[in-house]
Amino acid sequence: MNAQTEQVDDLRLVALPTAVNVAEMFVRFSLGEWRLRAMQDEAAQTVRRLVGAAVDVADRRAPGFLLVRLRLTGTYLVVEVEGNRVALPPELAGSRAGLVDLTAGGHLAWCELALPSGMNASAVPLPRREPRRSPAAEALGDEPDVDPEVIQRILYGLGGGAHRPD
């Protein structure tokens with residue numbers, strides 16, 4: 001695995017059967033944000049297998065948490081599932097995948113998926129979101145006038161001001 005990660009996104013889930021569908025939605029959303037829609041089906045199938053295998057070996061009475069992580073590194077998208085009990089599904093045995101024991105406890109199952117031809121992780125654009133106000137803020141109308149001196153006093157009171165206001 002390449003250690004140079006360009007982008008990462010993760011989601012914590014309870015190791016129950018519902019985690020499989022939620023993990024798939026997470027992957028599809030993240031890859032849409034990263035403009036890697038061409039990889040959505042393959043990555044969604046991979047995360048379904050990894051999370052499904054972790055759910056299969058989880059203790060049903062105390063399932064614990066799973067951390068589903070997507071990393072862009074080099075020329076790969078790395079799909080990872082971390083938890084106290086994870087497994088590498090047999091369907092991924094012949095691919096660039098593995099199972100790692102973590103030094104802090106737990107395990108990490110991972111699978112590398114090649115990025116589209118000619119692309120590397122540093123070329124994938126960061127998600128861009130337009131600044132917009134919440135529906136509640138829109139209902140209030142225009143933004144109120146803010147007195148910079150009041151803000152300075154608040155910052156000073158919170159311990160973030162550079163100097164005491166006069």
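## The S4–S5 hairpin

In the hairpin formed by S4 and S5, five residues lie between the strands, and Gly105 among the residues of this hairpin takes a positive phi near 100°. Strand S4 (residues 97-101) pairs with S5 in the antiparallel sense over five bridges, with Leu108 of S5 as the bridge partner of Val100. Strands and helices here are DSSP runs, numbered from the N terminus (E, at least two residues, for strands; H or I, at least four, for helices), and two strands pair if DSSP finds at least two bridges between them.

This is a predicted model, in which local features need pLDDT of at least 70 and side-chain atom pairs count only at pLDDT 80 or more, while totals for chains, interfaces and linings use all residues. Residues are numbered from 1 along each chain as its sequence is written, and side-chain values use heavy atoms, with hydrogens and water left out.

## The sheet

Five antiparallel strands form an open sheet in the order S1-S2-S3-S5-S4. Strand S1 (5-14) and S4 stand at the edges with a single partner strand each, so one side of each is left without a neighbour in the sheet. The twist averages 20° from one strand to the next; axes are lines fitted to C-alpha atoms, for helices over the stretch in contact, and angles run from 0 to 180 degrees between N-to-C directions.

Strand S3 (residues 76-83) pairs with S5 in the antiparallel sense over eight bridges, and Tyr76 has Ala114 in S5 as its bridge partner. Six of the eight residues of S5 (residues 107-114) are buried, so S5 is largely enclosed by the rest of the structure. Buried means under 20% relative accessible area, exposed over 50%, and partly exposed in between (1.4 Å probe, protein chains only).

Helix H2 (residues 40-57) lies across S2, S3 and S5 and runs at about 15° to S3.

The 18 residues of H2 reach 26 Å from first C-alpha to last, close to the 26 Å expected at 1.5 Å a residue; the expected span is 1.5 Å times one less than the number of residues. Buried residues of H2 include Ala43, Val47, Leu50 and Val51, and what covers the buried residues of this helix includes H1, S2, S3 and S5.

## The nonpolar core

The largest nonpolar core has 33 residues, and Val51 and Leu77 have the most contacts inside it. H1, H2, S2, S3 and S5 are the elements that give two or more residues to this core. Such a core is a set of buried Ala, Val, Leu, Ile, Met, Phe, Trp, Tyr and Cys residues joined through side-chain atoms within 4.5 Å.

Leaving aside neighbours within four places in sequence, Leu77 is in contact (heavy atoms within 4.5 Å) with residues including Leu31, Trp34, Ala43, Leu70, Cys111 and Leu113.

## Salt bridges

The structure holds nine salt bridges, each a side-chain nitrogen of Lys or Arg within 4 Å of a carboxyl oxygen of Asp or Glu. One of them joins Glu80 and Arg69 (2.5 Å, N to O). This pair links distant parts of the chain, Glu80 in strand S3 and Arg69 in strand S2, eleven residues apart. Both Glu80 and Arg69 are buried. Salt bridges that share partners join Glu24, Arg28, Asp41 and Arg48 into one network.

Within helix H1, Arg28 and Glu24 lie four residues apart, about one turn, and their side chains meet at 3.0 Å, N to O. Arg28 also forms a salt bridge with Asp41 (3.1 Å, N to O), a link from helix H1 to helix H2.
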